[in-house]
There are 2 protein chains.
Amino acid sequence: MAAKYLSIRDQILDLIAEMDVGEALPPERTLAPQFGVARMTLRRGIEEVVREGRLKRKHGAGTFVAGPKIAQGLAVTSFSEDMRQRGATPSSRTLDAGELSAGPKLAKRLEISTGEPVMRVVRLRLADDAPMAVETLHVPGRVAPDLDGSALDDASFYELLHEDYGIVLAGGVQTIEATVTDEPESEILEVPLHSPAFLFERVSRARDGQVVEFVRSVYRGDRYQFRVELQPARGPRDPS
Amino acid sequence: MAAKYLSIRDQILDLIAEMDVGEALPPERTLAPQFGVARMTLRRGIEEVVREGRLKRKHGAGTFVAGPKIAQGLAVTSFSEDMRQRGATPSSRTLDAGELSAGPKLAKRLEISTGEPVMRVVRLRLADDAPMAVETLHVPGRVAPDLDGSALDDASFYELLHEDYGIVLAGGVQTIEATVTDEPESEILEVPLHSPAFLFERVSRARDGQVVEFVRSVYRGDRYQFRVELQPARGPRDPS
DNA sequence: CCTCCCAAATGGACTAGACCAATGTCCGTC
DNA sequence: GACGGACATTGGTCTAGTCCATTTGGGAGG
């Protein structure tokens, strides 16, 4: 059985979906028996929603529906999801796809041997039909043997991984750097040469620890920005 | 009295400090009575540490000291703190300081009237004595009437705010964009003209909602990067 | 009519205990 | 020796209740 507090979280989400911003949630002591759980469990569920930024607690006053969600920064795992959260319609165009054999650097990233086959797909990512990013995806051959670009035009790569290959992503590491576009990138993204851009590099792993993908994305700096809501900053050692 | 779980968190941190990476923490059922709290409270404390990335739990096995912390991205509230986390020694040099009257844009950001006095301090931020960022700080005159650059050479602005003016920061909003350095920035940061850079803009508020500062920072793209550990992505609505 | 204070309502913290779920070990079996 | 299952250990969740801290609104008193 799924954890109760997760179910509570979903019910809370349903509840606030029909409420206005600023409106107060019923008191915890009222909600808990309504949902048939202890107050502690209810609180655990609410906490999840608060952490997602959709509710705001105020000690002594109540729990209130938060304003439109400010993107929580870097939990960018999926272009499509990211764009939808930003209120844009994502789409995709495959520019190139094929198999190659891993060079030393690529082999290291994917944690395979040099020379092993690797599937490579280059995609242009669009938001509201305007170029947003160029994404180069590398997948070890043994992970997705017959991957080709056509399947990726619409579908999410992650869904495809799950449905066709039974692979569930467990996590990864992403780095973000500032860069400028080179010539081919400028052309594809329709920006001047040496325009500001973000460079994302991500390595994702499956549950067994195996590297599933290495993605390198170049985002247009003029269209993409991060927006982070800063907390009162209870730092690593400063509860004062 | 401070919350018990926060005290637990600190004790756990002390405990971990003397342990090796990968070593297991004593079981919760042992630690709880040792610290004189209920297991639930102990867990709450441990959870804090886990969220900071210094411990890793493994259901059925134990709780283990995590490897060197991977920076959790964008919770950047303080340059000094950020640099220390990255293993560098922060320092600072004030380049310019003075009072000016708010133009329309600045007034809007600070939520004051056009023409009101604003204190402005430009600082070069260094990591291990090498230029890392240029930071321009704007503070409404009525918040810190007699602010001058000299006080900021060593001290943290936030500490100063707290100690001299009794202001406690409650949060803020930060945006991050990709940009390139202009001429003065290039010179100060000692990089070629039009080098890749990050542009941070932050607006911070006190507990009463009043805007306390507007900061604009330009970070060297060749020295600064984000590194984010991605979670299994329990998205807004996908607990599956 | 205004001010100040207090009490009710609300979220926050904590407890002691129960049971569930994942993990790893150890031992018997083959 | 290799396999497999029972079991002890560990973290994960949940409960029902108590007490604390903060906020807010309304009533007493000026």
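Modeller: Let us begin with B:Asp129, which is exposed because its relative accessible area is 66%. Here exposed means over 50% relative accessible area, buried means under 20%, and partly exposed lies in between, with a 1.4 Å probe and protein chains only. Before going further, please note that this is a predicted model, in which local features need pLDDT of at least 70, side-chain atom pairs count only at pLDDT 80 or more, and totals for chains, interfaces and linings use all residues. Residues are numbered from 1 along each chain as its sequence is written, chains are lettered from A and ligands numbered from 1 in the order in which they are written, and side-chain values use heavy atoms, leaving out hydrogens and water.

Although B:Asp129 is not a glycine, its phi is positive, at about 70°. As background, most residues other than glycine have a negative phi. B:Glu190, also not a glycine, has a positive phi of about 60°, and this residue is placed in the loop between helix 7 (183-189) and strand 7 (196-206) of chain B. With 61% relative accessibility, B:Glu190 counts as exposed.

Side chains of opposite charge can pair when their charged atoms come close. Over all chains, the structure holds 36 salt bridges. One of them joins A:Arg109 to A:Glu201, with 3.1 Å between the closest N and O atoms. Because A:Arg109 lies in helix 5 (residues 104-110) of chain A and A:Glu201 in strand 7 (residues 196-206) of chain A, this pair ties together parts that are 92 residues apart in sequence. A:Arg109 is partly exposed, its relative accessible area being 37%, whereas A:Glu201, with a relative accessible area of 13%, is buried.

In chain B, B:Glu52 and B:Arg9 form a salt bridge whose closest N and O atoms are 2.8 Å apart. B:Glu52 lies in the loop between helix 3 (39-51) and strand 1 (55-58) of chain B and B:Arg9 in helix 1 (residues 4-17) of chain B, so parts 43 residues apart in sequence are tied together by the pair. Both B:Glu52 and B:Arg9 are buried. Another salt bridge, between the side chains of B:Asp222 and B:Arg220, has an N to O distance of 2.9 Å; B:Asp222 counts as exposed at 56% relative accessibility, while B:Arg220, at 12%, counts as buried.

Salt bridges also link A:Glu28, A:Arg39, A:Arg43, A:Glu47, A:Arg51 and A:Arg57 in a network. Of these residues, A:Arg57 lies in strand 1 (residues 55-58) of chain A and is partly exposed, with a relative accessible area of 28%. A:Arg57 and A:Ile46 are 11 residues apart in sequence, and their C-alpha atoms are 9.3 Å apart in space.

The aromatic side chains form another theme. Rings of Phe, Tyr and Trp (its six-membered ring) pair if their centres lie within 6.5 Å, and planes under 30 degrees apart count as stacked, over 60 as edge-to-face and the rest as tilted. A search of the whole structure finds 19 aromatic pairs over all chains. The ring centres of A:Tyr219 and A:Tyr224 are 4.5 Å apart and their planes stand at 55°, so this pair is tilted. A:Tyr219 and A:Tyr224 are both buried. The aromatic pair of B:Tyr224 and B:Phe226 is edge-to-face, with 5.4 Å from centre to centre and 90° between the planes. B:Tyr224 is buried at 0% relative accessibility, and B:Phe226 is buried with a relative accessible area of 1%. Ring pairs link residues of a cluster that includes A:Tyr219, A:Tyr224, B:Tyr224 and B:Phe226. As for its position, A:Tyr224 is found in the loop between strand 8 (211-220) and strand 9 (226-230) of chain A.

Methods: A salt bridge is a side-chain nitrogen of Lys or Arg within 4 Å of a carboxyl oxygen of Asp or Glu. Helices (H or I, at least four residues) and strands (E, at least two) are DSSP runs, numbered from the N terminus.
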